[in-house]
Amino acid sequence: MAEAKAEPKKKQKVPGEVKCSYCDGTGKHQDQTCVVCGGSGKVEVVDMTQKCQWCKGRGYLMKGIPCTVCGGTGFTRPVSKQRLF
Ligand SMILES: [Zn+2]
Ligand SMILES: [Zn+2]
């Protein structure tokens, strides 16, 4: 008889589309197309339940410089790695 072992639950990644934190969903940043979302205002991330701990979900560390950890999404990494800086 196989007994159900109490395994530590792994956190499930939840990929999804989130509002771009860097441009706050506007698709524009300082009158230019947002480099993070490419102007769509949304970005697909690997895990939308996890905010970036580095930038605290803001998408940037200093004004004008997208967070290099999350690629400016404010969450985890963007699904498309081409958008990582
Ligand atoms: Zn954006
Ligand atoms: Zn970040």
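Mentor: A residue is called buried if 20 or more other C-beta atoms lie within 10 Å of its own, exposed if 12 or fewer, and partly exposed in between, with C-beta atoms placed from the backbone. Lysine 56 is exposed, because 12 other C-beta atoms lie within 10 Å. The model is predicted: local features need pLDDT of at least 70, side-chain atom pairs count only at pLDDT 80 or more, and totals for chains, interfaces and linings use all residues. Residues are numbered from 1 along each chain as its sequence is written, while chains are lettered from A and ligands numbered from 1 in the order in which they are written.

Lysine 56 sits in the loop between strand E4 (42-45) and strand E5 (60-62); strands (E, at least two residues) are DSSP runs, numbered from the N terminus. Its phi is positive, about 60°, although lysine 56 is not a glycine. Most residues other than glycine have a negative phi.

Glutamine 30 also has a positive phi, near 50°, and belongs to the loop between strand E2 (28-29) and strand E3 (32-33). Glutamine 30 counts as exposed because it has 8 C-beta neighbours inside 10 Å.

Key. Helix = DSSP H or I, 4+ residues; strand = E, 2+ residues; numbered from the N terminus.
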